[in-house]
Each structure stands twice: as structure tokens, then as C-alpha cells.
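Hello,

Here is the structure we talked about. My notes follow below it.

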Amino acid sequence: MTLGATLVGFTAIIMWSVLALFTAASGTTPPFQLSAMAFAIGSLPGIIVLLLRPERRAYLRQPRKVWITGIAGLFGYHFLYFTALRNAPAVDAGLIAYLWPLLIVVGSALLPGEKLGLHHIAGALLGFAGTGLLVTRNGGLSLDSSYLLGYAAAFLCAFTWSGYSLATRSFNKVSTDVVTGFCLATAVLSLLAHMAFETTVWPTTSFQWLAVAGLGLFPVGLAFYAWDFGVKRGNIQALGAASYAAPLLSTLILIAFGFASPTWQVLVACALITGGAVLAAREMIFSRRPSRG
């Protein structure tokens, strides 16, 4: 594990914090179409590298399980995420989807050599309490039926990304160049799904086109290369702990740009989810370094 690789992974977390903002600002483009556009743009950094260094194309030859995991992770997560943002308030969907860092902590505790402690369970319960505050109304248990599709998609994308991240660690010998192939395949699948199920709706303003470009270049582009490199070569525990800043940053950015209001429910839910994640990862964050005699 290297510090440099871990720092590269940290940049992915920063880029993901603007995913909700760019998606909300991209207009009414249907989810599959938006996914196709963003992943096509996101593949450009990798394509440029492969054109400049053609010998690296050999790294695209990988076992089938690598391709299935990568495409399922990227295509599945983003389709679910875009669907959630289109069918639920951006803050609600964003915070629910950002349960994935907490799920990574719990999932990591179940891996060989790790133990699931009471603080892991307590942290997970705090996180789900936070999302429950968002999706319930007037302190009751009934959900707003008009947002059920968005809530369900947000929960599923949290489980999809946490599963993909844990599986990626086992492919630590696979070059990050393969992410280019994941992006291209996901763009093609998204385009086919768009042609089958949706009506094309293009962005109508230059601001919306800039949002799509930003979406593809950063949270749906460079962030994946950075995350893949960091998870495989860096400190995955440190990256998992740092990921808990993403929902807070995402929410504050949405509020700052006028896509959400700073209500007490949002602030309390954000505190519960972030606090639960910190509790679940207390060994990662508060571990003591051995003293130097």
C-alpha cells in the first residue's frame, strides 16, 4: 500500500461529491441517455492513454469475471443513481445512495480475518435512521408514494457500489486501464437501453451541456480511474473512512447552488449518516499508532 495511491483515491471522493449537482443541473435528459453520454465522455481519458501508449491495450484482455463485475458495478450503479435523482428529491436520493461507504465498512468486517462488532451494527442503524428521517413524513412511518421508485433505486445503488468496491479489491493485479473498457461497455449498454425504453431529450441550454460534460469528465470519468487505482494499490480502510465525507459535501454543494434548502431534517439526517459511518469505522479513524521509543 502506498500513500500516493491512497491520495489518488481521495480525489475520486471529492469528484463524486458533485455527482448530484451535475445530474440535477443537466436538465430532463432520461437516465439511460444521460448515462450513455456521460460514460462516453468518461472513457476519453483512458482512450487517450491507450492511443498514446498502444502497448497498454493488452491490459484490456481480462477474465470474464473482471468484465462482469466492472460493467455491473458501473452500469448498475449509475443507472440506479440517475433514476433515483429523477424520481426523488436530490438531497434525499443523494444521502440514501451515500450509504455505500457504511456498507463497505460492514462488508469489510465480514471478510476473512475481520470481525463484525457491535459498533459496526450501531453505526449501520444510525445511518439507516438518517435515511428514515428523509423518507418519512411528519414523524410517521408512511412513505410518500410519489418518491418510492426514487428511494428504492437509491438503496439499490448503495448496495451495488459497495459490492463492486469490495470485489475490486480482489482484482488488485488487474491494470486500471481496464476501466476504459468498463466505461465504453457501459456507454453502449446505456445507449441500447435508451433506444429501447426512452424518448431522446437533449439538453436545451449551454449550462445543461456544461453539466453533462462535467458529469462525464469528473464524477463519471476520472473519478473511476482514481478509485480503481486507489482501492487496488492504496489503503482501502483509509479510503473507506474518507468516503464518509461525500454525503456531507454533496448536500452542502446542492444547498449552495440552490438545488436544496437547509432544513433541519436534512441537517439531522446528514449528521446521523455521517456519525454512524464514523462509529462503524472507529478503528480506521481513531486507531493509535505504535509509539516510537
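**Salt bridges**

R53 and E55 form a salt bridge, with their closest N and O atoms 3.3 Å apart. R53 counts as partly exposed because its relative accessibility is 43%. Please keep in mind that this is a predicted model.

A search of the whole structure gives three salt bridges. Another of them joins R56 to D177, where the closest N and O atoms are 2.6 Å apart. R56 sits in the loop between α4 and α5, and D177 in the loop between α9 (148-169) and α10 (178-197), so this pair ties together parts that are 121 residues apart in sequence. R56 counts as buried, at 18% relative accessibility, and D177 is buried too, with a relative accessible area of 8%.

The side chains of K232 and D228 also meet in a salt bridge, at 3.1 Å from N to O. Both residues belong to helix α11 (residues 206-233) and are four residues apart, about one turn of the helix. An α-helix has 3.6 residues a turn, so residues three or four places apart point the same way. K232 and D228 are both buried.

**Nonpolar cores and a surface patch**

The largest nonpolar core has 68 residues, and W16, Y81, W100, W161 and W227 have the most contacts inside it. Helix α5 (residues 64-87) supplies the largest share of this core, ten residues. Leaving aside residues up to four places away in sequence, W161 touches W16, G73, L74, Y77, W100, F224 and W227. A second, separate core has eight residues, among them L102, V105, Y244 and A280.

On the surface, L110, L116, L118, I121 and L125 form a nonpolar patch, with about 550 Å² of accessible area together. I121 belongs to helix α8 (residues 118-135) and counts as partly exposed, at 42% relative accessibility.

T6 is in helix α1 (residues 3-16). Its relative accessibility is 6%, so T6 counts as buried. Not counting residues up to four places away in sequence, T6 touches G234, N235, A238 and L239.

In helix α13 (residues 246-256), the buried residues include A246, P247, S250 and T251. After α13 comes G258, which has a positive phi, near 85°.

**Confidence**

The mean pLDDT of the chain is 84, and 90% of the residues score at least 70. Confidence is highest in helix α4 (residues 44-52), at 95, and lowest in helix α15 (residues 282-286), at a mean of 69. Where pLDDT is low, the predicted coordinates should not be read in detail.

Regards

Technical notes. Residues are numbered from 1 along each chain as its sequence is written. This is a predicted model: local features need pLDDT of at least 70, side-chain atom pairs count only at pLDDT 80 or more; totals for chains, interfaces and linings use all residues. Side-chain values use heavy atoms; hydrogens and water are left out. Helices (H or I, at least four residues) and strands (E, at least two) are DSSP runs, numbered from the N terminus. Buried means under 20% relative accessible area, exposed over 50%, partly exposed in between (1.4 Å probe, protein chains only). Contact means heavy atoms within 4.5 Å. pLDDT is the predictor's confidence in each residue, from 0 to 100. A nonpolar core is a set of buried Ala, Val, Leu, Ile, Met, Phe, Trp, Tyr and Cys residues joined through side-chain atoms within 4.5 Å. Patches are made of residues with over 30% relative accessible area and no salt bridge: like charges are joined within 9 Å, nonpolar side chains (Val, Leu, Ile, Met, Phe, Trp, Tyr) within 5 Å. Accessible areas come from the Shrake-Rupley method with a 1.4 Å probe; for residues, only the protein chains shown count as cover. A salt bridge is a side-chain nitrogen of Lys or Arg within 4 Å of a carboxyl oxygen of Asp or Glu.
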